[in-house]
Amino acid sequence: GERLLLPSSSDNRHHTRSRCARCEVSNTFRMIEQDDFDIGSKLHTIVRGEDEAAMVESVGLALVKLPDVIQRLKPDILVVHGDRFDALALATAAALMNIRILHLEGGEVSGTIDDSIRHAISKLAHYHACCTRMAEQHLIAMCEDHSRILLAGCPSYDKLLLPHHREDYMDIIKSWLGDKVQEGDYIVALQHPVTTDIQHSIKIYGLMLDALISFNKKTLILFPNIDAGSKEMVRVMRRKGIEQHPNFRAVKHIPFEQFIQLVSHAGCMIGNSSCGVREAGAFGTPVINLGTRQTGRETGENVLHVRDADTHNKIYHALELQFGKRYPCSKIYGDGNAVPRILKFLRSIDLDEPLQKTFCFPPVKDPISQDIDHILETQSALAVDLGGTNLRVAIVCMRGTIVKKYSQPNPKTFEARMELILKMCNDAMRDAVGLNCRILGVGVSTGGRVNPQDGVVLHSTKLIQEWSSVDLRTPISDALHLPVWVDNDGNCAALAERKFGHGKGVENFVTVITGTGIGGGIIHHNELVHGSTFCAAELGHIMVSLEGPECMCGSRGCIEAYASGMALQREAKKLHDEDLLKVEGMDMKLSEPITAAHLINAAKMGNSKADAVLTKAATALGVGIINILHIVNPSQVILSGVLASCYQAPVQHVISQRALFSVQNIKVVTSDLEEPALLGAASMVLDYATRRIY
């Protein structure tokens, strides 16, 4: 019940080619009628004028006419043959109209524009029936699905390999070449233009005609096909008087059955037709292949190549070597059973399977960049980190390598801070050119609550003054003419882990920053969680006690009030003031300010008071993280910042003791990233500026 559309081509495989639309209709088309096909539609698509423009116009004319025909016939499968420009029009129309395509004789190589057309049709086709093992390998190398490729052999060989001696073969020969000609004592000549080198084609054609005139044997010469350059070749033939020469019979068309007999009993075939390297091998007919048109074709021992056919004498010598010989039958292109194989293959096609074809690409190394500009430049981002103490800018490449970093004290006023940001970014932009880095955009990491959609800092921490209701995106983008992304430093740390750290490939995880303050970010289903008012993941302000120490946010009992660097520094100063911090062997200068590092060192050296403070801080942090596990249920917790290594083991212990059983085994790991804020800011640029699918 399947409907097939089998188009007629102006280049019929048996080289009985016509030279215009009129001839096509009267010759090739009539052969199809004689084979009792039901003709669904007749189209005239060949534009007169055998040049490149006429070929293009013919394709365009076919594309204009074909949609109506295809819509009316509604074929299930379109069978397209070969490598002609009109076949390309058919395949293009069918592919765009979602019609399945079976391409016959794809994967071959011939060394002309036909190669490009043939391979283009193969890429449009859903199924393939090829002739040779090498053609099959070529299709596989072109990433075609091996399960949709049939090694069938050449369909014409099914007829060629039948007993080709007809009782009336001499009548056929004499009807075309005269009563005096004998079997094996004539030549069949068929030379076509090479559209990529027309002038050279014309030159070789003239030399071939000169050699044939000199060789003085009866010659049946067919007109060239309708490709660009054929008109000039016909002019060469007529200038040499071939049509009036007694040794020549020039014809435009020969019925296929008769053409088989003429080739099989010829003393030699000469030219650049694929018939010489393909069909003639089935008879063992000696062949002289001229020029480059069939370069790459598989050939039998019956073919003598004269690729550099630049002299009359060279071609004449080839005629002397080949004429009158006989070679064993070659079956490179088939064994005579192609048609049954193709019919079986057609019946096996499941019309319910998805129409969209897939390609089988070989494994390749992951590219560093998704853009061709990587050949010349390394795709990079400008990363800006606005901390309470320093303002830092870095050039970060796609792999997360910090190519160059800049650091300055963070100014106390808004105007001075913005001026310094723009100056440092401009300096980095200039340096990027010399470093062969292509800057794709700017990412900004800052403390406080941020609206990343608008690039605005809504409220800042007390560490950064004059930094509320600040539009960062507009002035930076206007000055640098680059896209700008802005987010909270905790969120940036999570983004850094997602792209470059322990979170790579993890769908759900939480990053907790343990530094001067406590912050973090939540990745849920591979996306950053911002919340309805951009206040999600304020992890430092999870309350773990109703009556705990006062926090900088104004509340009490927050994780940050227990476990941040400022909280540890506060407790260290208390112990120092009571002369309970220093232990024997601990190196402390009188003028040195007391920090959290002194508390940690004291605890390591056996100070029980310092150790109790750290244990309480780790417990508070652990309880806060347990609350996160119970609410968000991530598969991993990543501790980042200067205190991460100090807290990792005790926090894991608190989780194992106090969390619900279902989350007790969730791992707490320490970040390996040295610059999470800068890398996270860069990742916003590198992820979005190079994204190809939205």
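Let me start with the open sheet of 5 strands, which has the order β22-β21-β20-β23-β24 and mixed pairing. Two strands count as paired if DSSP finds at least two bridges between them. The strands themselves are DSSP runs (E, at least two residues), as are the helices (H or I, at least four residues), and both are numbered from the N terminus. At the edges stand β22 and β24 (667-670), each of which pairs on one side only. Strand β23 (residues 636-640) pairs with β24 in the parallel sense, over 4 bridges. Within that pairing, Leu 639 has Thr 670 of β24 as its bridge partner.

Before I go on, a word on the source. This is a predicted model, in which local features need pLDDT of at least 70 and side-chain atom pairs count only at pLDDT 80 or more, while totals for chains, interfaces and linings use all residues. Residues are numbered from 1 along each chain as its sequence is written, and side-chain values use heavy atoms, with hydrogens and water left out.

There is also an open sheet of 3 strands, in the order β16-β17-β18, with antiparallel pairing. Its edges are β16 (449-451) and β18 (470-471); each has a single partner strand, so one side of each has no neighbour in the sheet. Between β16 and strand β17 (residues 456-459) there are 3 bridges in the antiparallel sense. Arg 449 faces His 459 of β17 there.

Next, the nonpolar cores. By a core I mean a set of buried Ala, Val, Leu, Ile, Met, Phe, Trp, Tyr and Cys residues joined through side-chain atoms within 4.5 Å. Buried is under 20% relative accessible area, exposed is over 50%, and partly exposed is in between, with a 1.4 Å probe and protein chains only. The largest core has 52 residues, and those with the most contacts inside it are Met 208, Ile 221, Ile 270, Leu 290 and Leu 319. Helix α9 (residues 198-215) supplies the largest share of this core, 10 residues. A second, separate core has 44 residues, including Ile 518 and Leu 639.

What does Ile 270 touch, leaving out residues up to four places away in sequence? Contact here means heavy atoms within 4.5 Å. Among the residues touched by Ile 270 are Ile 187, Leu 190, Met 208, Leu 212, Leu 290 and Leu 319.

Now the annotated site. The UniProt annotation "binding site", from an unreviewed entry, covers His 541, Cys 551, Cys 553 and Cys 558. These four are spread over 18 residues of sequence but cluster in space, with a largest C-alpha distance of 8.8 Å. UniProt positions are in the numbering used here, feature names are shortened, and annotations may be inferred rather than shown by experiment.

His 541 sits in the loop between β22 (527-528) and α18 (559-563), and Cys 551 is in the loop between β22 and α18 as well. Buried or partly exposed? His 541 is partly exposed, at 29% relative accessible area, whereas Cys 551 is buried, at 5%. Beyond four places in sequence, His 541 touches Cys 551, Cys 553, Cys 558 and Glu 560. With that same exclusion, Cys 551 touches His 541, Arg 556, Cys 558, Glu 560 and Ala 561.On to the other cysteines. The structure holds 0 disulfides, a disulfide being a pair of cysteine sulfur atoms within 2.5 Å. Cys 397 is buried, at 10% relative accessibility. For Cys 535 the closest cysteine sulfur is in Cys 553, and at 10 Å that is also too far for a bond. Cys 535 is partly exposed, with a relative accessible area of 41%.

Last, Arg 118, in helix α5 (residues 113-124). Arg 118 is buried, with a relative accessible area of 1%. A polar atom of the Arg 118 side chain lies 2.6 Å from the backbone oxygen of Glu 108. Leaving aside neighbours within four places in sequence, Arg 118 is in contact with residues including Asp 83, His 103, Glu 105, Glu 108 and Arg 297.

Key: Polar contact = N/O pair within 3.5 Å; in protein donor to acceptor, adjacent residues only side chain to side chain.
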